[in-house]
Amino acid sequence: MKKIITLFLVAFLFINCSSNDNDDTVKNPVVGTWKLVKTESLVFGGPNTVTDFSNQNIIYKFDNKSNLTIIKNGSNVSTQKYEYKLDYISESNTPGESKVNMVVIDGSTKYIYHFINGQMKLEESYIDGEDLYFEKQ
């Protein structure tokens, strides 16, 4: 009888130990070395501007310790802090708003993260900002 109770308790523990599918923690797909290939400015009511950086050597290095180093032609241009998170753009749960994957640089500049056709897109056009397009190196 003791063996049956022990077996039942062990089985019960294994069944109840599972991952939390509702956890807001997300894997950081931004970590790595990325080459800036273009920017796109979408201004409401104005012309869109696309700037091609594919022939320039502008590298964004996102490390797993939340450091972003921007390198241009082999020289460090800047080092900043970044955060990859799942959050509301408005920073609150306004009715009808969904959480989005975003990259926040230096605690203030918010980019919506997308991975499209093998490129990372950091989108700031939702506030008439610039969208950045990168290829993984």
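Predicted model: local features only at pLDDT ≥ 70, side-chain atom pairs only at ≥ 80, totals over all residues.
Residues are numbered from 1 along each chain as its sequence is written. Local features need pLDDT of at least 70, side-chain atom pairs count only at pLDDT 80 or more, totals for chains, interfaces and linings use all residues, and side-chain values use heavy atoms, without hydrogens or water.

**Stop 1: W34 and F115.** The structure holds five aromatic pairs. Rings of Phe, Tyr and Trp (its six-membered ring) pair if their centres lie within 6.5 Å; planes under 30 degrees apart count as stacked, over 60 as edge-to-face and the rest as tilted. Select W34 and F115. Their ring centres are 6.5 Å apart and the planes meet at 75°, so this pair is edge-to-face. Now show the strands (DSSP runs of E, at least two residues, numbered from the N terminus). W34 lies in strand 1 (residues 32–41) and F115 in strand 7 (residues 109–116), 81 residues apart. W34 is buried at 2% relative accessible area, while F115 is partly exposed at 48%. Buried means under 20% relative accessible area, exposed over 50%, partly exposed in between (1.4 Å probe, protein chains only).

**Stop 2: Y84 and Y113.** Select both. The centres are 5.5 Å apart and the planes stand at 90°, so the rings are edge-to-face. Y84 sits in strand 5 (residues 75–87) and Y113 in strand 7, 29 residues apart. Y84 is buried at 12%. Y113 is buried, also with 12%.

**Stop 3: the cluster.** Select Y60, F62, Y82 and F134; they form one aromatic cluster.

**Stop 4: K38 and Y133.** The charged end of K38 sits over the Y133 ring, 4.5 Å from its centre. Here "over" requires NZ of Lys or CZ of Arg within 6 Å of the ring centre and within 35 degrees of the ring normal.

Conventions:
Helix = DSSP H or I, 4+ residues; strand = E, 2+ residues; numbered from the N terminus.
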